[in-house]
Amino acid sequence: EFLQTRDTVQREAQTAREKLLVQSAKSLQVDQLLLENQRLRALIEMRERRGLDARGAQVIYEAADPFSRKLILDRGSLQGLQAGSPVMDENGIVGQITRAYPMVSELTLITDPDHAMPVLNARNGLRGVAYGDSDGSDQIELRYMATNADFQEGDLLTTSGIDGVFPPGLPVARVSKIERRSESIFARILCQPIALIQGVRHVMVISSLGAAAPERPAADPVPAVKKAGRR
């Protein structure tokens, strides 16, 4: 009787442990779904608040190239995505569509070394160009800014809109570090992206401003110069 009771208790304990593991897994899934739901609601509110023409997309995997910062989205040209379209999450700019295939698209993050975008200092209106940091960190860098340029740590950088691609006023990054060296005429300004670069899952692809921009006026024809004929 003692051995039978012990075996029964051990089986019940094993069954209880298995049920606990299942419940723990379900609890983690519920937490993940709640987080995704919160971010999706924030994306919808961002689109409605700013009146953006945007489509939702989901990151399915990361590109295989270890020297680039690229992600693959689950939507492509058949769903209306085009190369050059800006991409953002509920916080700010994530990157830009660089290639649009029929069913998937390639997203280049703003931290990619080959990516550049014009930005605006929201505090004083100074413009600059933000590049992906070549050191491989998840930061961006303002290059070719004079050492006496009025930038301070904590300044908010937004899209300027002068490139005809990114809508103006969207959050991009905050200045995190400024190095002013006497031997260089340019300051090294590092900025921390506001968007969730690492771990981003749901994004919003915005229609590029270039699609709605009016065409440039045609250049005035150059008058032909008449050559004097021989008599």
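Arg 188 sits in strand E11, which spans residues 186-193. The model is a predicted one. Is Arg 188 buried or exposed? Its relative accessible area is 18%. Buried means under 20%, so Arg 188 counts as buried. What does Arg 188 touch, leaving aside its neighbours within four places in sequence? Its contacts are Asp 133, Asp 135, Glu 141, Lys 177, Ile 178, Glu 179 and Arg 181.

Now follow strand E11 into its sheet. E11 is one of six strands that close into a barrel. The order is E6-E7-E8-E11-E10-E9, and the pairing is antiparallel. On average, neighbouring strands of this sheet are turned by 40° against each other, direction ignored.

E6 covers residues 116-121, and E9 covers residues 156-159. Three bridges join these two antiparallel strands. Which residue of E9 stands opposite Val 119? It is Thr 159.

Next comes strand E2, residues 70-73. Both of its faces are covered. Lys 70 and Ile 72 lie on one side, Leu 71 and Leu 73 on the other. All four are buried.

Strand E2 also has pairing partners. One of them is E1, residues 54-62, which runs antiparallel to E2 and is joined to it by three bridges. Here Glu 62 has Leu 71 of E2 as its bridge partner. Another is E5, residues 105-109, which pairs with E2 in the antiparallel sense over four bridges. In that pairing, Leu 73 has Ser 105 of E5 as its bridge partner.

Technical notes
Residues are numbered from 1 along each chain as its sequence is written. This is a predicted model: local features need pLDDT of at least 70, side-chain atom pairs count only at pLDDT 80 or more; totals for chains, interfaces and linings use all residues. Side-chain values use heavy atoms; hydrogens and water are left out. Buried means under 20% relative accessible area, exposed over 50%, partly exposed in between (1.4 Å probe, protein chains only). Two strands pair if DSSP finds at least two bridges between them. Contact means heavy atoms within 4.5 Å. Axes are lines fitted to C-alpha atoms, for helices over the stretch in contact, and angles run from 0 to 180 degrees between N-to-C directions.
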